[in-house]
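Me: I have a model open here and would like to talk it through. Could you go over it with me, one region at a time?

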Amino acid sequence: MSLALLCPGQGAQHPAMFDRVRDNAAARDVLDGVGAVLGQDVFAAAGAEARFENALAQPLLCAASLAHWQALRTELPVPGMVAGYSIGELAAHAVAGTFDTPSCLALAAQRARYMDAASPAGAGMQALLGLDRTQVQSLCALHGAYIAIVNGRDHFIVGGELAGLEALAGDARAAGADIRPLPVHVPSHTPLLQAAVPRFAAALESVAWQQPGLPVLAGIDARVVRDHAGKVHTLSAQLAQTIEWAQVMRQLFERGARVFLQLGPGTALARMVASAYPCCEVRAVEEFQHLDGAVDWVQRALVRLQ
């Protein structure tokens, strides 16, 4: 039985997202580093109304995962795998040691700029629950939208231009689906962002790469990324390609992960794994008042599953 770490994507940013690591010495370099990248205090950035905009959100989310990991890494058993959701995949590579924290934070800022520049005006994303993939794909084809993320058999994130998304939502509700608009204005993981892919690939090529100490699963195909070319490809291609998160969760499970800890803000990834694999032990750091509670839980969970 092994521990898997999960690094979240956008949506759960909040003003207190760094409170558990505010005074942690091991996390200080991460907090100072993201402050330098953003040009403002990290705690002020986390509380800003613009924290859901790419320019703030993507560096903040990487910093949150990395700061919590730095604070926990000497106390936790060595994880067996790490995976990240959307921008979280970039953080996952830094957690694994593929590149260092300054490189990760700089890449997060570049990723945000390239995505914003490629995005059409009047676009967005929404969650769609209650239909299967064939039904959702048909609605997307009809309304010029795209499946951006597959979270489960009947749980999807779709992206596109707002007029098409509005029409799709109407048809989906008529078919019995639940639609939830997301606070995102860039249709990530859809072909509408294809122009950002080569720019981000070039940025990835410019950083110093290392051999990671932990396996990282790619979001676009749920495979372990082993070589340099594969890492550049998967991290850049995902900007304009569907994230197969349901497959990532299955691969983590099939490779032996039975204890899952979500880093960073929110609990969404933990809730998805717990729902899909109720036999596993799953928590998020935000469920604990203090990080030592998370450490104690992981240790006990691994013992319980032996």
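Me: Where does H189 lie?

Reply: H189 is in the loop between strand 6 (178-181) and helix 8 (196-205). Please keep in mind throughout that this is a predicted model.

Me: What is phi of H189 near?

Reply: The phi of H189 is near 60 degrees, which is a positive value in a residue other than glycine. Most residues other than glycine have a negative phi.

Me: And is H189 buried or exposed?

Reply: H189 counts as buried, because its relative accessibility is 2%, and the cut-off for buried is under 20%.

Me: Which other residue has a positive phi without being glycine?

Reply: A222 is one of them, with a phi near 65 degrees. A222 is placed in the loop between strand 7 and helix 9, and with a relative accessibility of 3% A222 counts as buried.

Me: What else is found in the loop between strand 7 and helix 9?

Reply: A218 is found there too, in the loop that leads from strand 7 to helix 9 (228-237). A218 has a relative accessibility of 0% and so counts as buried.

Me: What does A218 touch, not counting residues up to four places away in sequence?

Reply: Setting those neighbours aside, A218 touches E89, R223, V225, T234 and V248. As for V82, it is 136 residues apart from A218 in sequence, while the two C-alpha atoms are 9.8 Å apart in space.

Me: How many bridges join strand 2 to strand 7?

Reply: There are 2 bridges between strand 2 and strand 7, which run parallel, and in strand 7 the bridge partner of V82 is V216. Strand 2 is also joined to strand 1 (residues 2-7), by 4 bridges and again with the strands running parallel, and there L6 stands opposite A83 of strand 2.

Me: What stands opposite A284 and E281?

Reply: Q262 stands opposite A284, and V259 stands opposite E281. Strand 8 (residues 257-262) is joined to strand 9 by 4 bridges, and the two strands run parallel.

Me: Changing topic to the helices: where is the place of C104?

Reply: C104 has its place in helix 5 (residues 101-118), and with a relative accessible area of 0% C104 is buried.

Me: What is C104 in contact with, leaving aside its neighbours within four places in sequence?

Reply: With those neighbours left aside, C104 is in contact with C62, L66, L90, A91, A94 and F99. The C-alpha atoms of C104 and P59 are separated by 8.4 Å, although the two residues are 45 residues apart along the chain.

Me: Now the whole chain. How many helices and strands does the protein chain have?

Reply: The secondary structure of the protein chain comes to 12 helices and 9 strands. The radius of gyration is 18 Å, close to the 19 Å that the globule rule gives for 306 residues, so the protein chain is as compact as a globular protein of that length. Taken along the principal axes, the C-alpha atoms fill a box of roughly 50 × 45 × 35 Å.

Me: What share of the residues counts as buried, and what about contacts between residues at least 6 apart in sequence?

Reply: Of the 306 residues, 58% count as buried. Among the contacts between residues at least 6 apart in sequence, 75% join residues at least 24 apart.

Note on methods:
Residues are numbered from 1 along each chain as its sequence is written. This is a predicted model: local features need pLDDT of at least 70, side-chain atom pairs count only at pLDDT 80 or more; totals for chains, interfaces and linings use all residues. Side-chain values use heavy atoms; hydrogens and water are left out. The radius of gyration is taken over C-alpha atoms; the globule rule is 2.2 Å times the number of residues to the power 0.38. Buried means under 20% relative accessible area, exposed over 50%, partly exposed in between (1.4 Å probe, protein chains only). Contact means heavy atoms within 4.5 Å. Two strands pair if DSSP finds at least two bridges between them.
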